[in-house]
Amino acid sequence: MWRDPRIRAWLLQGLAVLLAGLFFWFVITNAADNLARLNVASGFGFLQHTAGFGIAQTLIDYSEASTYGRAFWVALLNTLLVAGLGIIFATILGFLIGIARLSSNWLVSKLAAGYIEIFRNIPLLLQILFWYVAVLSNLPAPRDSYSFASGGVLLNKRGLYLPEPVTAPGFEVVMAAVLTALVGVIVWRRWLGRKQDQTNGVISIYRAGLGILIALPVLAIAVAGTPVHFVAPELRGFNFVGGVRAIPELLALLFALSIYTAAFIAEIVRSGIQAVSWGQSEAAMALGLRRSVVLRLVIIPQALRVIIPPLTSQFLNLTKNSSLAAALAYPELASVFAGTVLNQTGQAIEVLSITMAVYLSLSLLTSLGMNFYNARIALVER
């Protein structure tokens, strides 16, 4: 029996599973016994208790009378906000720097190389503290705010103030028109793609797609009226009233995460572009295409197959690095839920289990989305 490799493999795997189960059983029973001995309550009922503390930034309604469960959702949304914006900004900046790194212009190439070497070799925590202490803390008081966009955008030591969008009757109609236009463009693109494969021709969808995206919302606005108006921030006393405020902690964290991660993404983009055979560029330029067109239509689509897998890792790192916001007291998941809530309730196992499960879920969902996109752009064997 032991000479059969299949049977031996199954027995070894079964033994490994058994040992793992015994280990977790020991940990769980030992923790339960210790909690009972210390008379510490267990379970998730604490989520329904009143939190009793405030949170500086909330994307949903929250007050000191809200529950710990509500505080969890506020902290989670703040984490998703900084992670989502950071991924967008880091990706755009990283692609620009990575392309600039390969520029034929000596100055542009060296500046991009200097950016990469500087920011990826400075610890992220120091960059966060630099933006918060050295830059944002030295901005002027509200009365002397830096003004942009004719006073609609204001920047001072208390944060960045933006006009607040306020919806009006007819907003649902316009949003329905926008969604319909997006679905129409997707359907139109797929139909043209199949037609292009059948005819072996090149069909441009940009003009028709752009027309659909513009025409339907404009028609909806003409029928329903302007669905959104903006309320600009207004200085009253010593602070601003109205508008939307991005607190300095959010700005410092977002700047640092975006700039730091963009340095790594730039190297990924550079290596991905260099992985594409130079003959592809020569063939495209031999047809009379401009360098910008060659890069956009020939090089980047092929380079994405090399770029996407390591780019996924950078997205995951950025999301997990957002937990460094605890150094600034930015109210994200690690500082609010695994910090304040844990200290007040003493429910260490439950709080930390929820926090770890959330970060694990975010990582898995990000990987799932990127793997799906990677599969869509992969070469198909024919």
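Which residue forms a salt bridge with Arg270? Select Arg270 and look for Glu267: the two form a salt bridge, and their closest N and O atoms are 3.0 Å apart. Keep in mind as you go that this is a predicted model.

**Stop 1: helix H7**

Stay with that pair and colour helix H7, residues 248–274, which holds both Arg270 and Glu267. The two residues sit three apart, about one turn of the helix. Now show the surface around Glu267. Its relative accessibility is 17%, so it counts as buried, the limit for that class being under 20%.

**Stop 2: the other salt bridges**

The structure has three salt bridges. Side chains of opposite charge can pair when their charged atoms come close. Select Glu117 and Arg120 next; their side chains meet in a salt bridge with an N to O distance of 3.3 Å. Glu117 is partly exposed at 41% relative accessibility, and Arg120 is also partly exposed, at 27%.

Then move on to Glu234 and Arg236. This salt bridge brings the closest N and O atoms to 3.4 Å apart. Are its two ends buried or exposed? Glu234 is partly exposed, with a relative accessible area of 43%, while Arg236 counts as exposed at 53%.

**Stop 3: a nonpolar patch**

Switch to a surface view and select Phe23, Phe24, Trp25, Phe26, Val27 and Ile28. Together they form a nonpolar patch on the surface, with about 710 Å² of accessible area. Pick out Trp25 from this group: you will find it in helix H1, which covers residues 5–37.

**Stop 4**

Now for some empty space. Rolling a probe the size of a water molecule over the atoms shows where empty space is left. The second largest pocket holds about 450 Å³ of space. To centre your view on this pocket, select Leu102, Ile273, Trp278, Arg291 and Leu295, which are the closest to its centre of the 16 residues that line it.

Which elements give two or more residues to the lining? They are H7, helix H8 (278–286) and helix H9 (291–321). H9 gives the most, with five residues. If you colour the lining by class, you will see nine nonpolar, six polar and one charged residues.

**Stop 5: Ala329**

Follow the chain past H9 to Ala329, which is in the loop between H9 and helix H10 (333–345). Ala329 is not a glycine, yet its phi is positive, at about 65°. With a relative accessibility of 58%, Ala329 counts as exposed.

**Stop 6: Gly84 and Leu254**

For the last stop, select Gly84 in helix H2, residues 68–101. Gly84 counts as partly exposed, at 29% relative accessibility. How far apart are the C-alpha atoms of Gly84 and Leu254? They are separated by 9.8 Å, although the two residues lie 170 residues apart along the chain.

Conventions: Residues numbered from 1 in each chain as written. Predicted model: local features only at pLDDT ≥ 70, side-chain atom pairs only at ≥ 80, totals over all residues. Heavy atoms only, no water. Salt bridge = Lys/Arg side-chain N within 4 Å of Asp/Glu carboxyl O. Buried < 20%, exposed > 50% of the residue type's maximum accessible area, 1.4 Å probe, protein only. Helix = DSSP H or I, 4+ residues; strand = E, 2+ residues; numbered from the N terminus. Patch = residues over 30% accessible without salt bridge, like charges linked within 9 Å, V, L, I, M, F, W, Y side chains within 5 Å. Areas by Shrake-Rupley, 256 points an atom, 1.4 Å probe, with all protein chains shown as cover. 1 Å grid on protein atoms, 1.4 Å probe; cavity = no way out; pocket = protein on both sides within 12 Å on 5 of 7 lines; lining within 4 Å. Points joined across faces, edges and corners; volume = space filled by probe spheres on them. Nonpolar A, V, L, I, M, F, W, Y, C, P; charged D, E, K, R; others polar.
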